Amino acid sequence: MRASALLPFALLGLAVLAGSHLASAQGTAPPPGDPKLGAALWMRDGCYECHGTVAQGSGARVGGTGPMLAPKPLPFSVVLSQLRRPINVMPPYSTAVLSDQDAANIYAYLMSIPAGKSASTIPALSGYLRK
Ligand code: HEC
């Protein structure tokens, strides 16, 4: 059998692994944190520079400075692993500059960010929405 014929099975295995990782991450409650302290750290540590002051992201689909992180942040374990070992161009935050507790405080801040209003409730946008 050619190696390329095995590719679909390898991808399926990866998908199953990723799925079980997500399931276990979602089952873990985040450590307690202080959202006010987290908001201060968000500004002090420069998260806002790339992700926006309320984690709204740069808004660009490609080539933006940082993705939207709230409302409904990713599970804490995923956020922590992104901080310690970013998947791409984000600078890493080691425990020397950001403790696990401070990461939990930032996470509490992200959790506290409410969803924005739906565009359909903003009169000035009514002419721009698709029916
Ligand atoms: C210099 C810009 C920059 C700074 C500063 C920055 N980020 Fe990021 N962040 C990014 C980019 C770009 C990504 C996309 C993935 C990557 O490049 O690693 C990202 C991804 C993330 C993700 C994963 C989002 C996803 O959907 O996968 C989280 C969580 C995150 N950042 C949290 C933070 C926190 C918390 C801070 C502050 C302690 C921070 N970032 C500081 C640029 C930045």
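Predicted model: local features only at pLDDT ≥ 70, side-chain atom pairs only at ≥ 80, totals over all residues.
**View 1. Among the elements that cover the buried residues of α2 are α3 and α5.** Residues are numbered from 1 along each chain as its sequence is written. Helices here are DSSP runs of H or I with at least four residues, strands are E runs of at least two, and both are numbered from the N terminus. A residue is buried if 20 or more other C-beta atoms lie within 10 Å of its own, exposed if 12 or fewer do, and partly exposed in between, with C-beta atoms placed from the backbone. In α2, the buried set is G38, A39, L41 and W42. Looking down the axis of α2, these fall within an arc of 165°, so they line one face of the helix; that arc is taken over the directions from the helix axis to the C-beta atoms. K36, M43 and R44 are exposed, on the face of α2 turned away from its buried side. Just past α2, G46 has a positive phi of about 85°.

**View 2. The whole chain, for context.** Five helices and zero strands make up its elements, in the order α-α-α-α-α from the N terminus. Of the 131 residues, 18% are buried. Call two residues in contact if their C-beta atoms, placed from the backbone, lie within 7 Å. Among contacts with a separation of 6 or more, 60% link residues 24 or more positions apart.

View 3. α5 has 13 residues (100-112), which should span 18 Å at 1.5 Å a residue; its end C-alpha atoms are 18 Å apart, so the two agree. (The expected span is 1.5 Å times one less than the number of residues.) Buried here are D102, A103, A104, N105, I106, Y107, A108, Y109 and L110. The cover over them includes α2 (35-44), α3 (47-51) and α4 (76-84). Take Y107: leaving out residues up to four places away in sequence, Y107 touches P30, G33, G38, P73, F76 and V79.

**View 4. The largest nonpolar core, with 19 residues.** A nonpolar core is a set of buried Ala, Val, Leu, Ile, Met, Phe, Trp, Tyr and Cys residues joined through C-beta atoms within 7 Å. W42, L83, A103, I106, Y107, Y109 and L110 have the most contacts inside this core. At least two of its residues come from each of α2, α4 and α5, and α5 gives the most, with seven.

View 5. Most residues other than glycine have a negative phi, and most peptide bonds are trans. The A70 to P71 peptide bond is cis, with omega near 0°. A55, also in the loop between α3 and α4, has a positive phi of about 60° without being a glycine. K72 sits in that loop too, with a positive phi near 55°. A55 is buried, with 20 other C-beta atoms within 10 Å, whereas K72 is exposed, with 10.
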